[in-house]
Amino acid sequence: MTLSESPTTAVVAAGDEETRVLLRGLLRLHHFQVLGEADGSTQTLELVRQHRPSVVVADVNLAEGSFATLVADARAAHPTVRIVLVAPASRPQPAAVGPSVPDAILYRPFRIRQFAEALRPDNGGGAPAPPGA
């Protein structure tokens, strides 16, 4: 199945408005319908419950809440949602375990091809190493 044939709805979460604009634009470039945006985990979870998107793309820097809680709560609300976490390569993130593990982690800066691969449900999950690692 190609990316354009799969369900392509998304929710974006980032504490910074510029990051939300960038992620929304990249999702639209890959033919995703962005159903909503939020700056924190509580609002993002409400959007997941309301819209049941195929993908949540969340920046690690949220205005409220933590990415680990967001991932676990989003999985509990919508078990089949794919969760892609965007994080800076310069600052290692705390290890996530169990239901707090995202399907993919993109380390900034990333290439558009890496973004597209992270969105695909068949990419096998897991996080690539940060650049230079």
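This is a predicted model: local features need pLDDT of at least 70, side-chain atom pairs count only at pLDDT 80 or more; totals for chains, interfaces and linings use all residues.
Colleague: Thanks! What percentage of the residues count as buried?
Modeller: Of the 133 residues, 47% do. Buried means under 20% relative accessible area, exposed means over 50%, and partly exposed is in between (1.4 Å probe, protein chains only).

Colleague: New topic: how many helices and strands are there?
Modeller: There are four helices and five strands, following the pattern β-α-β-α-β-α-β-β-α along the sequence. Helices (H or I, at least four residues) and strands (E, at least two) are DSSP runs, numbered from the N terminus.

Colleague: In what order do the strands sit in the sheet?
Modeller: The open sheet has the order S2-S1-S3-S4-S5, with parallel pairing. Strands S2 (33-38) and S5 stand at the edges with a single partner strand each, so one side of each has no neighbour in the sheet. Two strands pair if DSSP finds at least two bridges between them.

Colleague: And how many bridges join S1 to S2?
Modeller: Five bridges join strand S1 (residues 9-13) to S2, and the two run parallel. Valine 11 stands opposite glycine 36 in S2.

Colleague: Can we look at serine 100? Where is it found?
Modeller: Serine 100 is in the loop between strand S4 (82-88) and strand S5 (104-108).

Colleague: Is serine 100 buried or exposed?
Modeller: Serine 100 is buried, because its relative accessible area is 15%.

Colleague: Which residues is it in contact with, leaving aside neighbours within four places in sequence?
Modeller: Serine 100 is then in contact with Ala68, Val71 and Ala72, where contact means heavy atoms within 4.5 Å. A polar atom of the serine 100 side chain also lies 3.3 Å from the backbone oxygen of alanine 68.

Colleague: Last one: what about alanine 104, buried or exposed?
Modeller: Alanine 104, in strand S5, counts as buried because its relative accessibility is 3%.

Methods: Residues are numbered from 1 along each chain as its sequence is written. Side-chain values use heavy atoms; hydrogens and water are left out. A polar contact is a pair of N or O atoms within 3.5 Å; within protein, one must be able to donate a hydrogen and the other to accept it, and residues adjacent in sequence count only if both atoms are side-chain atoms.
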